[in-house]
Amino acid sequence: MPLCFDSMRKFPLFWGIPFLLMMALGAWGAEVGERPMVWAHNTPWFYPRDYPGYPEYYYNFPLQESKDTPTGDQDSLREEIRIVQEKGVDGFFLDFGGDPHGAAPHWSWRLPTYLEAAEGTDFQVAICIDVKISPEYWGKWLKELLGKNGNHPNYPKVGRKYVVCAYQFLHGENGYGEWSWNREDWRKLHAIMEEAGYPLYLIGNVAPLPNARLNLQQLEETKDIYDALFCFDSPAHCFDPPEVNNRLLGEFCRKNGKRFLPTLHPGYWGAWLANFNDFYNPFRGFDCFYRQYADGKKYQPIWTHLTTWNDLVETGVFERLYTFGQAETLRRYAKDLKGTPILTEDPEVLVSYLHEVMLGEILRIEAMSMPFSRQEPLEIEGVLRDLEGKVVWRLSPQSAAPDQYARLEWLIPTHELAFTPVLQPEFTVRMGEMVSTRKSVPIYLVSSWLQNCVTVNVPLSRMLADFPQEFTVRQEGNRLEATVAFHSPDVLKRIMLFRNDRPAGVFSPEQEKEEMLLNVLMQGMPKGVRITFENGHLLRAFRKGTQKGAQWQETTFFDYGRDFFWASDSSSGHMAMALAGTKDLKLVVTNAEGKQTVIPAENLARRRRFVNGDIDLRMSVDNTLFLDEPLERTQGTLTLNLFAADPQPTDNFYLRFETMDGRYFFSQPIYPFATNRRVSRTLLATPWTLESSKGGTAFAFRGEPEFLTPGNQQPFQGNFTVRVPVSLLIARGALWDFDGEDGWILDRYGDRDFFVDPGMLVEDGRGGRALKLDGTGKATLPARLWPMSGVGVTELAIKPEAIGGKPQTIVFKDGWYDGINLNLRPDGKVEVIRCYVGDSNDQNDIQMQTLWSRSSLKAGEWATIRVEADHGSLVLRINGKEEGTIPQAPFRSHGNGRVTFGGAMPGCVPFRGLVDDLKLFGL
């Protein structure tokens, strides 16, 4: 049972001194009024015990390990609290939303779990109210929650008041609708809680609506409601930059006796694998986080708010694959804001840059030196190496001052480096006799869409020095063999193999020489199944939301051993296995009625998926890699054999070495199935990047330069086109034929699958299936998978049901990034429209260029539409015949957007007919 304050008095006295110390520490922590603190929002629907399975959802997955233990949930949550305290965070605001049916607030049952995990520390856990429902609703449940948990030594109070945060503070007055709060709601709730003996210390989120300003008049009129104020997402949405909002809010709170919490907002990370949010608020290297720390420090805050939403994606707290430096930055900022700055003797230098850059844009590499005590000059320089390891760009030496957060940058015009798909950064730090050279995470030049657009953020001290290692990959049939020979000066904990930025597996001594690794994802199971194995065995297994051996009443949810895997159903989320076996490995699935299905691993590798009424099995990334046993070696030769789908020429591989003490090395990427063949293309050279405040991106930063370098020292400031040799390995590709067994549409080029309503799939009359559009149904492509600027090849087959009436939109691209739409005109001609934002900060400044076909399509007949474009021209072909050409306007716009089949542009209606064989290729 969760431990509450009242029940603790019943424990026997022989708990003795450790228990009394814990009580004393906790009792001190409950009164927090004058305690310097950093508060972080926390979303309790993310379980730390589930982190090993998150490579399925995130490129930039968290690195916290969570092994199976008897109390796994609490152990992993306790470890998370230890980690965030180490990074300078002193408390969580747990986000609870009201339930429209009157039940307990969503996830509020997790409050005692968090409090129990915090016991023995001074870490505080408070409630954050989200969706309103009604004051009476929250009065009822807050009395319940605070009655049972509010006097716990880890629940914070200010005097007699219980700390409660309000995420949707006055959103009801600002246009968010009936489920959001207004002033009278809060006054009613205060009266209810005061009468019940649970007065609230209310902290209100006053971040304005997108593109709006702080409403100080509203705050003046509601001073009786709140005790403290903060802006949750000021750099994302507010009209004014954080410095303006801090000044206004800080002065207002000072005059009115309220507490002001400056906000630390690390920026959104991007690179979400699911179809939501995308990259509407750029991270901007170190800038976004640093400028808010530096400005917030002016107010000498007692409390600071750290924006973390959602926790695994937009947060400075957790170390993740490409961003483990952010947590160190947070630790430094948090200590400084609380009056205990860290000043080390030796320098600490972090580097930051976009992991992927659209070809032709300016690559910005930023370095930041943390304050240190030695007064010797610090100098940082570096090089960029190409795919073959040759130096192709030099990062000129720059100096950093010792007593400040010194930020430096280098700007690289990528159109000059288009001959290589990879740039490997290497940095050298010099101070006195100290010289340290470290490689960092590789950078990819891509065309024509971003996929893993995370902002790398790594401390060079956590990167291993280069050491002897050789890495090869080859494939025969469906057997992929990766071999590494290494001689490391440090004991290695793990060596991960990555394919296309996704973890393919870990090199494991457990795996026999001839055994092959099979990574499987399982879902779609309506009832329990038991899986056994022929010619192989299970290495590791994972189930989201459930620990091994978990039971409820008579049901075992999830269990496994070397020879079996059992799951009651798939209701709690995805499940994963790592299997090892010979090429004849088979999975034997036994359903609840005893019926067996035998699935050869080789067939699964070839088809990538098996589905029937009992189970949905897929080839997957390694979702169990943090459940492996430590390698504990410094040298040797290891081979990892994998069941694998057919290789593609643009498949790239690299290794990530990890030491026992948490340092890393990323090997040079290799492309084992392709030659680095080059073609001549016209590119757009542009200073507009993902981090530019253009169109609807980053309201608060519009009009600001994203570079530290003055304009007259930048490589260039305007757009121009240039014809250069380009590596074919830069090209992104995807092919969806809409064939398969249900609504999952597999990408025949890679792993960019997506789901459509199975009812929209019909026989195409050509031996396969096609997507049927009837004017009502819609199919949305995965985020970011559409050519920006219309560049590359877009090809699809269509069969119109009828022609005439209003124009029909075949492909609808919304949002403010530039790309092509396709329409079928009433006369049967095909219309290609490229929408873009020019050199403008106005998201509504949408411009269009249009190309029409010369010939017309016929109803009831298949036709193949192909658009070919670089930044010089856009060509339309139908059934292989050229139909027209127009010059490309020299602009590029990043931003949110989705591509929909079944949508319609203004003035058009959705296309009615069949769509098939959609192909995208970036050059």
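Tutor: We begin with pLDDT, which is the predictor's confidence in each residue, from 0 to 100. This is a predicted model, in which local features need pLDDT of at least 70 and side-chain atom pairs count only at pLDDT 80 or more, while totals for chains, interfaces and linings use all residues. Residues are numbered from 1 along each chain as its sequence is written, and side-chain values use heavy atoms, with hydrogens and water left out.

Student: What is the average pLDDT of the protein chain?

Tutor: The average is 90, and 93% of the residues score at least 70.

Student: Where does pLDDT stay under 50?

Tutor: One such stretch is residues 1-29, with 31 contacts beyond four places in sequence; a contact means heavy atoms within 4.5 Å. Another is residues 269-281, for which the model has 64 such contacts. Where pLDDT is low, the predicted coordinates should not be read in detail.

Student: Let us turn to the rings. How many aromatic pairs are there?

Tutor: A search of the whole structure finds 41 aromatic pairs. Rings of Phe, Tyr and Trp (its six-membered ring) pair if their centres lie within 6.5 Å; planes under 30 degrees apart count as stacked, over 60 as edge-to-face, and the rest as tilted. Tyr47 and Trp107 form an edge-to-face pair, 6.3 Å centre to centre with 70 degrees between the planes.

Student: Where in the chain are Tyr47 and Trp107?

Tutor: They belong to distant parts of the chain, 60 residues apart: Tyr47 is in the loop between β1 (37-42) and α3 (72-86), and Trp107 is in the loop between β2 (91-96) and α4 (111-118). Here helices (H or I, at least four residues) and strands (E, at least two) are DSSP runs, numbered from the N terminus.

Student: Which charged residues sit over rings?

Tutor: A charge sits over a ring if NZ of Lys or CZ of Arg is within 6 Å of the ring centre and within 35 degrees of the ring normal. The charged end of Arg110 is placed over the ring of Trp109, 5.9 Å from its centre. Lys813 lies over the face of Tyr817, at 4.6 Å from the ring centre.

Student: New topic: is helix α10 enclosed or exposed?

Tutor: Helix α10 (residues 287-297) is largely enclosed by the rest of the structure, because nine of its eleven residues are buried. Among them are Phe289, Tyr290, Arg291 and Cys288. Cys288 has a relative accessible area of 0%.

Student: How many disulfides are there?

Tutor: A disulfide is a pair of cysteine sulfur atoms within 2.5 Å, and by this rule the count is zero. Cys908 is in no disulfide, and its nearest cysteine sulfur, that of Cys835, is 10 Å away.

Student: What does the side chain of Glu691 reach?

Tutor: The Glu691 side chain reaches the backbone nitrogen of Gly285 at 3.2 Å. Glu691 is in the loop between β37 (678-685) and β38 (720-727), and it is buried at 6% relative accessible area.

Notes: Buried means under 20% relative accessible area, exposed over 50%, partly exposed in between (1.4 Å probe, protein chains only). A polar contact is a pair of N or O atoms within 3.5 Å; within protein, one must be able to donate a hydrogen and the other to accept it, and residues adjacent in sequence count only if both atoms are side-chain atoms.
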